[in-house]
Amino acid sequence: MNKSWMQKQSRLGYIFIGPNMLGVLLFFVIPAAYSFYLMFTDYRFMNPEIHFIGLDNVVRMLGDGNFYVALKNTFIFLLAVPVSILLSFAVAVILNKSVYMLKTLRALYFMPYITSGVAIAFVWMLLFQPTSGPINGFLRGIGIAHPPGWLSTTETSMYAIDIIWIWFMLGYNMIIFLAALQEIPEELMEAATIDGARRWQIIRRIVWPLVSPTTFLLLITGLIMTIKNFGIIQAITQGGPGNSTTVLSLYIYQNAFRYYDMGYAAAVSWALFAIILIFTVLQWVGQKRWVHY
């Protein structure tokens with residue numbers, strides 16, 4: 001009887017997960033397998049002829065200067081993730097206490113994460129306008145005669161994108177940190193205070209280790225989300241000026257849907273997959289040293 005009941009429950013379980021697994025198969029597994037096949041071909045969009053060319057696309061990628069520019073920009077883009085996590089932790093610690101207009105502040109910090117990417121692009125293009133934008137106007141007002149060109153120069157454009165991305169991710173990370181902070185027992189804080197620990201010591205020695213699983217989660221998801229994202233960059237700079245803000249995900253999009261070079265785009269996409277896999281494995285291995293469950 002018990003065995004029959006277990007078999008029935010197993011069948012019900014498969015029925016419930018079936019639609020989701022079908023979606024994964026149709027929209028992830030099959031396209032991934034097809035892109036792996038395309039990597040070894042010269043397939044171009046709207047061209048019915050496909051020829052197997054072996055590793056030519058991989059060799060081309062390894063000799064492509066634009067690929068290495070995109071790779072460098074991707075790593076610069078990833079710098080926004082740890083910065084955003086640290087800032088959001090600081091904001092969450094502040095908002096976890098009694099603060100005036102607390103609920104309003106939480107909503108305002110989270111608002112950018114649910115705002116349209118096009119709206120974000122338009123606002124930040126105005127803010128970073130080099131001649132009449134409010135950011136450079138403020139910098140001139142405090143005595144900086146030659147403020148940065150931000151999005152208009154190749155030297156600063158990628159760092160301006162980082163600032164935008166930090167601002168975009170801040171609210172989401174803060175909400176997750178707030179949930180983790182509210183799970184920390186107050187008795188630990190009170191005991192540390194009675195023992196003479198200062199506020200920054202409590203945060204460093206007690207709060208930060210206790211939220212390290214949350215930090216690990218945000219680090220993994222943040223890196224993966226960042227390394228795949230290109231929507232905001234496409235809306236703001238389209239990869240320019242020059243190729244100064246072209247990241248790997250945008251480079252894949254450009255090759256696939258601007259130049260219709262699907263085979264080469266597939267090769268770069270698998271290189272991007274390898275980078276994501278390496279980052280994820282390194283984090284899973286490294287978490288044993290600093291994540292406390």
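1. Is Trp150 buried or exposed? In this predicted model, Trp150 is buried, because its relative accessible area is 14% and the cut-off for buried is under 20%. The residue sits in the loop that links helix H7 (134-141) to helix H8 (157-181). Its phi is positive, about 55°, although Trp150 is not a glycine.

2. Tyr260 also deserves a look at its backbone. Phi of Tyr260 is near 60°, again a positive value in a residue other than glycine. Tyr260 belongs to the loop between H13 and H14. With 39% relative accessibility, Tyr260 counts as partly exposed.

3. The peptide bond from Gly240 to Pro241 is cis, with omega near 0°. Pro241 is placed in the loop between helix H12 (231-236) and helix H13 (248-257). As background to these backbone points, most residues other than glycine have a negative phi, and most peptide bonds are trans.

4. On helix packing, the axes of helix H3 (residues 65-78) and helix H14 (residues 262-290) come within 13 Å and cross at roughly 35°. The crossing of H3 and H14 is right-handed. From H3, the residues Phe67, Leu71, Phe75 and Leu78 meet Tyr264, Val268, Ala271, Ile275 and Phe279 of H14.

5. A nonpolar surface patch of about 720 Å² is formed by Leu22, Leu25, Leu26, Phe27, Phe28, Val29 and Ile30. One of these residues, Val29, is located in helix H1 (residues 2-38). Val29 has a relative accessible area of 45%, so it is partly exposed; that value also meets the patch cut-off of over 30%.

Methods:
Residues are numbered from 1 along each chain as its sequence is written. This is a predicted model: local features need pLDDT of at least 70, side-chain atom pairs count only at pLDDT 80 or more; totals for chains, interfaces and linings use all residues. Side-chain values use heavy atoms; hydrogens and water are left out. Patches are made of residues with over 30% relative accessible area and no salt bridge: like charges are joined within 9 Å, nonpolar side chains (Val, Leu, Ile, Met, Phe, Trp, Tyr) within 5 Å. Accessible areas come from the Shrake-Rupley method with a 1.4 Å probe; for residues, only the protein chains shown count as cover. A salt bridge is a side-chain nitrogen of Lys or Arg within 4 Å of a carboxyl oxygen of Asp or Glu. Helices (H or I, at least four residues) and strands (E, at least two) are DSSP runs, numbered from the N terminus. Buried means under 20% relative accessible area, exposed over 50%, partly exposed in between (1.4 Å probe, protein chains only). Axes are lines fitted to C-alpha atoms, for helices over the stretch in contact, and angles run from 0 to 180 degrees between N-to-C directions. A crossing is left-handed if the near helix is turned anticlockwise from the far one by less than a right angle, and right-handed if clockwise. Contact means heavy atoms within 4.5 Å.
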